[in-house]
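Student: Could you take a close look at one part of this model with me? I'd like to see which residues sit where, and what they touch.

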Amino acid sequence: MQPTVRGYVLLPVRERDVSLPRNHLLKALSPEDFALLLPSMHHVQLDLKAQLEVPYQPIEHVYFPEAGIASVVATMTGGRQSEVGIIGYDGMTGVAVILGQDSSPNETYIQVAGNGWCLPVENLQSEVAKSQSLGASLLAYAHAFLVQSSRTALVNGHSKIEERLARWLLMVHDRTEGNKIHLTHEFLATMLGSRRPGVTTALQMLEYRGLVHARRGEITIVDRSGMIKLTHGAYGDEEQRHFG
């Protein structure tokens, strides 16, 4: 039986994993700051729908995805949900921790299965206390994530559903390998805060224009530049800034 951390399967750590982290945030750290974190990190498998943060519950671990995508989802009274941010190999979960809080009102879970690094919060906090540059790097990512969330709020309030869908698919595409995205229409509806029939209609419109190819549980990006044009500015520099 494979070892686990909080139910997440530990993956064997190879020398390549340690020397060449694929996560952009870890890769951008100085060798000294990365060396501070490494002894406490575990390489874990992140399965579909794995819950990384529970609303209003203490955050015990932060995750640095190497593959796959985590969704940060807000919930209203009555159960209505909408995604407010996505995290792939560009960053990390636990922005609330970086900002000095021990919990978040939002839920974070895996929407595209993958793997990554897991780090106990107490270890992260102790190492940040030792290194001003490490804290600055994590705060810079927290700022980028908050900009992403504010852009999502702006787009959700002013863009058509097909523009919002195109932006969201582009952001997922930025964080995955290849052109295929494995998602259901029901999941897309939750991510966009829309009803499923509206998402289905918007997806059919993208397919009619030759921008995507959709089949049950899978969407293939066919024309990325056409998708960007369709968003009418809803997807742009801010959505890609942290990848620079």
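**A close look at the helices**

Tutor: Happy to! Let's begin with glutamine 132, which is found in helix H6; please keep in mind that the model is predicted. Glutamine 132 counts as exposed because its relative accessibility is 75%, and the cut-off for exposed is over 50%. Along the chain, glutamine 132 and aspartate 33 are 99 residues apart, yet their C-alpha atoms are separated by 9.5 Å.

Helix H6 covers residues 132-158, and leucine 139 also lies there. With a relative accessible area of 43%, leucine 139 is partly exposed. Together with Leu99 and Leu146, Leu139 forms a nonpolar patch on the surface, and the accessible area of the three together is about 270 Å².

Serine 149 is another residue of H6. What is its relative accessible area, and is it buried or exposed? Serine 149 has a value of 19%, so it is buried, as the limit for that label is under 20%. Leaving aside neighbours within four places in sequence, serine 149 is in contact with Val84 and Gly85.

Now let's turn to helix H9, which runs over residues 196-208 and has 13 residues. From its first C-alpha to its last, H9 reaches 18 Å, close to the 18 Å expected at 1.5 Å a residue. Which residues of H9 are buried? They are Val199, Thr200, Ala202, Leu203 and Leu206. Seen down the axis of H9, these buried residues fall within an arc of 165°, so they line one face of the helix. Pro197 and Tyr208, on the other side of H9, are exposed.

What do the buried residues of H9 pack against? Their partners are helix H7 (161-174), helix H8 (185-192) and helix H10 (224-230), along with strand E9 (212-215) and strand E10 (218-221). Just after H9 comes glycine 210, which takes a positive phi of about 80°.

Threonine 220 has a relative accessible area of 14%, so it is buried. Not counting residues up to four places away in sequence, threonine 220 touches Asn179, Lys180, Leu211, Val212 and His213. In that list, Val212 and His213 fall within the residue range of strand E9, 212-215, a strand that the buried residues of H9 pack against, as they do against E10.

Note on methods. Residues are numbered from 1 along each chain as its sequence is written. This is a predicted model: local features need pLDDT of at least 70, side-chain atom pairs count only at pLDDT 80 or more; totals for chains, interfaces and linings use all residues. Side-chain values use heavy atoms; hydrogens and water are left out. Helices (H or I, at least four residues) and strands (E, at least two) are DSSP runs, numbered from the N terminus. The expected span of a helix is 1.5 Å times one less than its number of residues. Buried means under 20% relative accessible area, exposed over 50%, partly exposed in between (1.4 Å probe, protein chains only). The arc is that of the directions from the helix axis to the C-beta atoms. Contact means heavy atoms within 4.5 Å. Patches are made of residues with over 30% relative accessible area and no salt bridge: like charges are joined within 9 Å, nonpolar side chains (Val, Leu, Ile, Met, Phe, Trp, Tyr) within 5 Å. Accessible areas come from the Shrake-Rupley method with a 1.4 Å probe; for residues, only the protein chains shown count as cover. A salt bridge is a side-chain nitrogen of Lys or Arg within 4 Å of a carboxyl oxygen of Asp or Glu.
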